[in-house]
Amino acid sequence: MSEDRVMTIREMCDAFEVTPRTLRFYEQKELLFPIREGQKRLFTKRDRARLKLILRGKRFGFSLEEIRQLLDLYDVGDQQQSQLEQTYEIARQRLADMVRQRDELNAAIEELKEQMVWGEKMLASAQHRKSAAG
């Protein structure tokens, strides 16, 4: 496929494993700007690059507004220095959030394990009393 070739909505869906609804949503949110030919949407190389960044940002938990800001910075024209700095800062914050969430989840898992050990002891004790009484 030629780098400059436009892609239909179906081709974009297949290439990026997204739904047409997803692409229309990103277009509505002014994150993608396909060429309109009547009802047909044609996506350019720029749209493909933007979608790749949108999906990566979503996977890392960035909000759509954060993604929009990063995409807008791409057009500033300073060899993406602003975009890189902003992306790095948002990524640093997101990583800290993810580590905190992981630590909270690990603590909850350990607490649940302790409760289950206690529950097993209580069940065994009750079963023992039942057997002795029977």
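The structure on display is a predicted model.

**First stop: the loop after helix 2**

Select Glu30, which is found in the loop between helix 2 and strand 2 (35-37). Helix 2 is followed by this residue. Glu30 is not a glycine, yet its phi is positive, at about 60°. Most residues other than glycine have a negative phi. Is Glu30 buried or exposed? Its relative accessibility is 52%, so Glu30 counts as exposed.

Glu17 is a residue other than glycine with a positive phi, near 55°. With a relative accessibility of 75%, Glu17 counts as exposed.

Now select helix 2 and colour its residues by burial. Which residues of helix 2 are buried? They are Leu23, Tyr26 and Glu27. These residues cover an arc of only 105° around the axis, and therefore lie on the same side of helix 2. An α-helix has 3.6 residues a turn, so residues three or four places apart point the same way. Turn the view to the other side of helix 2, where Arg21 and Gln28 are exposed.

The model has 1 aromatic pair by the rule applied here. Phe25 and Tyr26 form this pair, with 5.8 Å from centre to centre and 55° between the planes, and the arrangement is tilted. The angle leads to that term because planes under 30 degrees apart count as stacked, over 60 as edge-to-face and the rest as tilted. Phe25 is partly exposed, with a relative accessible area of 34%, whereas Tyr26 is buried, with a relative accessible area of 5%.

How many residues does the largest nonpolar core have? It has 18, and those with the most contacts inside it are Met12, Leu23, Tyr26, Leu32, Leu51 and Ile54. Two or more residues come from each of helix 1 (9-16), helix 2 (20-28), helix 3 (45-59) and helix 4 (64-74). Helix 4 gives the most to this core, with 4 residues. In soluble globular proteins, nonpolar side chains tend to be buried together.

Apart from residues up to four places away in sequence, Leu23 touches Ile9, Met12, Cys13, Val18, Leu32, Phe43 and Leu51.

Continue to Leu51, a residue of helix 3. Leu51 counts as buried, at 0% relative accessibility. When neighbours within four places in sequence are left aside, Leu51 is in contact with Met12, Phe16, Leu23, Tyr26 and Leu32. A distance label between the C-alpha atoms of Leu51 and Leu31 will give 8.1 Å, for residues 20 places apart in sequence.

Ile54 also belongs to helix 3. Its relative accessibility is 0%, and Ile54 counts as buried. What does Ile54 contact, leaving aside its neighbours within four places in sequence? The contacts are Tyr26, Leu31, Leu32, Ile67 and Leu71. The C-alpha atoms of Ile54 and Tyr26 are 8.9 Å apart, while the two residues are 28 places apart along the chain.

Towards the end, display Arg59, which lies over the face of Phe60 at 5.2 Å from the ring centre. Helix 3 is followed by Gly61, which has a positive phi, near 85°.

**Last stop: helix 5**

Finally, select helix 5, residues 81-133. Helix 5 has 53 residues and reaches 77 Å from its first C-alpha to its last, close to the 78 Å expected at 1.5 Å a residue. Gln83, Ile90, Arg94 and Gly119 are buried in this helix. Met122 lies in helix 5 as well, and counts as partly exposed at 43% relative accessibility.

Terms used
Residues numbered from 1 in each chain as written. Predicted model: local features only at pLDDT ≥ 70, side-chain atom pairs only at ≥ 80, totals over all residues. Heavy atoms only, no water. Phe/Tyr/Trp six-rings, centres within 6.5 Å; stacked < 30°, edge-to-face > 60°. Buried < 20%, exposed > 50% of the residue type's maximum accessible area, 1.4 Å probe, protein only. Lys NZ or Arg CZ within 6 Å of the ring centre and 35° of its normal. Core = buried A, V, L, I, M, F, W, Y, C linked by side-chain atoms within 4.5 Å. Contact = heavy atoms within 4.5 Å. Arc of directions from axis to C-beta. Expected span 1.5 Å × (residues − 1).
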